[in-house]
Amino acid sequence: MSVGTRVVGHSLPRIDAPGKVTGRAVYAADFALPGMLYGKVFRSTEPHARLVRLDTTHAAGMAGVRAVISAADVPDIRYGAAVRDEPVFASDIVRYVGQPVAAVAAVTLEAAEAALAAIEAVYEPLPPVLDLAAALAPGAPLVHEAWQSYTAIPILQRDGNVCNRARIMVGDVERGWAEADRVFEHRFTTAMVHQGYTEPRAAVAAWDSSGQVTVWSNTQLPFDVQAALADILAITSSKIRVIVPGIGGGFGGKLRIGVEHFAALLARKSGRPVKVMTTSEEELTAAYPRQGTVIELKTGVTRDGRLTARQGRIYFDTGAFAGSGPGVASVATLVLAGPYRTPNLHLEGYAVYTNKTNCGSYRAPSGPQANFAVESQMDIIADALGIDPLELRLRNIVHEGDEGPTGQVLSAVGLEECLRRAADAIGWPDRRPGPGRGKGLAIGWWTTTGGSSGVYVKINPDGTVALNTGAVEIGTAALTGAAQVLAEALGVDLADITVVSADTFSTPFDFGAQGSRTAFAVGNACRAAAAELSRKLLAQAAAQLGSPEEALTLRDKHVVGPSGRISLADLARQSQQAGGGMIAHGTFIAPGTAYDTKRVEGHVYPAFHSPSFHAHAVDLSVDEETGEVTIHKYVVAQDVGFALNPTYIEGQIEGGVAQGLGQTLSEEIVYRDGRVLNANLTDYKMPTTLDVPRIESILVEHPGQVGPFGAKGVGEPPNVEPPAAVANAIAAALGVRITSLPITAEKIVQATQGGAR
Amino acid sequence: MAKLAITLEINRESHEALVEADRTLLDVLRSDLGLTGTKTNCLDAECGVCTVLVDGLAVNSCLYLAVAAQGRAITTIEGLAPAREGLAPAGAGLAADALHPLQQAFIDHGAVQCGYCIPGMILSAKAYLDEHPRPTEAQVREALAGNLCRCTGYQKIVDAVLAAADRMAAGTVAS
């Protein structure tokens, strides 16, 4: 709880809560228009094949069917954030089971489904690339024969099935090995996992008579979707309006265009509004999940536990299209370095094509996978050297003023405090309190993504405040946090602020709900707008109050001076009559983070901006007979810079850990021969109330220089450390190390019985 | 498929609908009656976002046939707040005292993030608390095990339900 502030730093209820508890909040999945049709996507049944025949004539003639489209009906373009490699519909080659081949719109969902069943596709199988090893083998079949012809971000290092190799090189690892007393080499694997948002991806599109299309969708990035639609629809972006009515979770899975283009294309063809919404099966076979990985990690260390060098390679199974892979592979190298001082580094991230669904971004992309390897190995090293794992970390962690792996100068580093407080809270150093029971620690660092944000802020004639932002309230209460910043700066209450958001026609640009940036960036834009409003309000009030502007302040919904005060409502009314209303445009762009360009190659994310630091600690028991893991206590100490709203930061931590525990213990999209075996929510096992323990949050505050009141991004970090923390605790409990995620009961039983480790 | 004329009692009001025999209660609530507070997701009774009360019992409306709901009292999230004269219409800001104690507790405890699971979560909790007014934390967790939430980690939801139970059992507000 913050001293000296009225609004920020206080656990106030989120401003959109009443609509969400009464069912009145409208989400994209709820959205409907009169005369609306239902769209469905016809998808490939083959992992890799030539599409030799596609016949939609029977489907097109069926009762209730209003439109059928396939590759022949859309511009021959490829899209993608880093590599433009993905077509709207497969035309000659299909590259994963689930790839869109055609789409239909009909008057009912049932009619649309019946039409799908009437579409005929004939395939000629091609040799599929089913996993990373197959994709990287010499002479492997290429997922994209024509990869060289694709447009891509120029700095990417592409080669055949590798759609980027990102690199960090520091010092000389050979020298580091020579200086080391011990060198440790391990291999880790992690599985493909889904974000698990409870609202399916959904979009409704409608064209008007002037040739403009409006799309209501649950995207995290309305402006990015607008741009992608401009390419796909081959019209200028100002003809495309994207509105986010409400969004039922995203976690990165709703960043890129998902169903919006199908809705828009079917609506154009049919002349009717069209809604497209995914099923759970589509989500688990044809969405943007987190990449499975293979990680090779080699670390040199002196006898007294000082890191001398690290070489790491992390391979991302990014699926049939690059998706977020090239960027994720870049970010991964920063995570592989860890928040440690290591003089010699050679770190590589590879994004690799396979014949699986196109992977994307999932809360702290690459974080959990790379951190699992780094922090598991730190415990292995500690045990091998006979040094306590806490002590080994304390000897190597970064501190204020240290360099990050690419040369960025680190500031506001609260890592040691996080580590010590998490360890204390879990009862360290009593690491093995009883048979089958163990404790684990893991630490990490993460970024606060930049990008620009704009807001318009208007003082209404009743003295309330309208915050107009292009940002998306994804559920974190980030826009409540931004509104708290605005209320603090304007001298009003949080309850005085209403938010209008996420409409590409009427709201200012925002880089979107990604990278833990919304409260940070929109909050700063609000500060800028408040400063501008303050200038205008004070100037207008000065004459009336008979005091110079310097003598006036904004307080308690008034401009207050030595000789009296005047309300914001009065000033806004005056402005409406004489000055066009009391309004300001606030903008923010995070300053670039300086780094050493010579240390990186193929790297699209070379530094962590306003980095956060965190430590997780867990105390658990393992039943060796059944492999069941019972978590007794879970502690997170996270340096949030400044806690704008402690309750919702705790919410981020509790939810991020829960999601992380799913990835750690039970979740996996299981592929066999290019097909997903568990495309339903019974067999894809997400944690329930019975699986998630109580989580203790310790909010550490080392204020950063950029964020509002020193705040750092908080949404993604809690998802980074759970796999490593739990793996370390299981290893402490069992004396056996499991190096592949998820750590299922089956793997535990096999490991304790001397089988696979 | 032939359509059947059915009458459903939803939130203490009678609604008529013309539906095929295989239409689910979820679909009729959302598509025919515009009651989109009941959410849709897996359509296989795995996630719980579609939970409504039928004669006081929590059911997954995605697998409950609309025709089978005839003659039963259905409660959706829109009907949870106590019936009051002059209750604000949909879309208007509701006064805090128009909320059910569970709804208020979810707000007070920060139990709402994206909010998509919340209507189902609140109705599952309501059904349980009506039968077990003073539950333990373990019982609340058991009662909510069929409702997935991906945002909150459940902690603040469980806390909210326990707090609402206290308030309801204290009799300060009729449920």
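This is a predicted model: local features need pLDDT of at least 70, side-chain atom pairs count only at pLDDT 80 or more; totals for chains, interfaces and linings use all residues.
**Entry 1: the contact between the chains**

I began with the place where chain B touches chain A. The contact draws 45 residues from chain B and 44 residues from chain A. I then asked which elements give two or more residues to the chain B side. I found four helices there: α2 (101-108), α3 (118-131), α4 (137-143) and α5 (155-169) of chain B. Of these, α2(B) brings the largest share, four residues. I also sorted the chain B side by residue class, and it came out as 23 nonpolar, 14 polar and eight charged.

**Entry 2: the two domains of chain B**

Next I stayed with chain B and looked up its domains. The domain assignment places domain 1 at 3-79 and domain 2 at 96-169. Taken over C-alpha atoms, the centres of these two domains of chain B are 21 Å apart. Where they touch, I noted 14 residues from domain 1 of chain B and 13 residues from domain 2 of chain B.

I wanted to know which strands supply the domain 1 side of this contact. Both β3 (51-54) and β4 (57-60) of chain B supply at least two residues each. The largest share, three residues, belongs to β3(B). By class, I wrote down eight nonpolar, five polar and one charged for the side of domain 1 of chain B that touches domain 2 of chain B.

**Entry 3: helices α9 and α10 of chain A**

I moved to chain A and its helix pairs. Helix α9 (residues 325-337) and helix α10 (residues 367-385) of chain A have axes that come within 8 Å and cross at roughly 30°. An angle under 35 degrees counts as roughly parallel, and α9(A) and α10(A) are therefore roughly parallel to each other. The crossing is right-handed.

Which residues meet here? From α9(A) I listed A:Ala332, A:Val335 and A:Leu336. Their counterparts in α10(A) are A:Gly367, A:Ala370, A:Asn371 and A:Val374. The residues of this contact are five nonpolar and two polar, with no charged.

**Entry 4: helices α16 and α17 of chain A**

I then looked up another helix pair in chain A. The axes of helix α16 (residues 646-665) and helix α17 (residues 722-734) of chain A come within 8 Å and cross at roughly 55°. That angle makes α16(A) oblique to α17(A). I marked this crossing as right-handed.

On the α16(A) side of the contact I found A:Val657, A:Gly660, A:Leu661, A:Gln663, A:Thr664 and A:Leu665. They meet A:Pro722, A:Pro723 and A:Val726 in α17(A). I counted six nonpolar and three polar residues in the contact of α16(A) with α17(A), and no charged ones.

**Entry 5: a sheet in chain A**

Three strands of chain A form an open sheet in the order β22-β23-β24, with antiparallel pairing. Which strands stand at the edges? They are β22 (553-555) and β24 (564-567) of chain A, and each has a single partner strand, so one side of each is left without a neighbour in the sheet. From one strand to the next, the twist averages 30°.

I took a second look at the pairing of β22(A) with β23 (residues 558-561) of chain A. These two strands run antiparallel and are joined by three bridges. I also noted A:Arg555, which stands opposite A:His558 in β23(A).

Conventions: Residues are numbered from 1 along each chain as its sequence is written. Chains are lettered from A and ligands numbered from 1 in the order in which they are written. Axes are lines fitted to C-alpha atoms, for helices over the stretch in contact, and angles run from 0 to 180 degrees between N-to-C directions. Angles under 35 degrees count as roughly parallel, over 145 as roughly antiparallel, 65 to 115 as roughly perpendicular and the rest as oblique. A crossing is left-handed if the near helix is turned anticlockwise from the far one by less than a right angle, and right-handed if clockwise. Two residues are in contact if their C-beta atoms, placed from the backbone, lie within 7 Å. Ala, Val, Leu, Ile, Met, Phe, Trp, Tyr, Cys and Pro count as nonpolar, Asp, Glu, Lys and Arg as charged, and the others, Gly among them, as polar. Domain bounds come from an automatic or database domain assignment. Two strands pair if DSSP finds at least two bridges between them.
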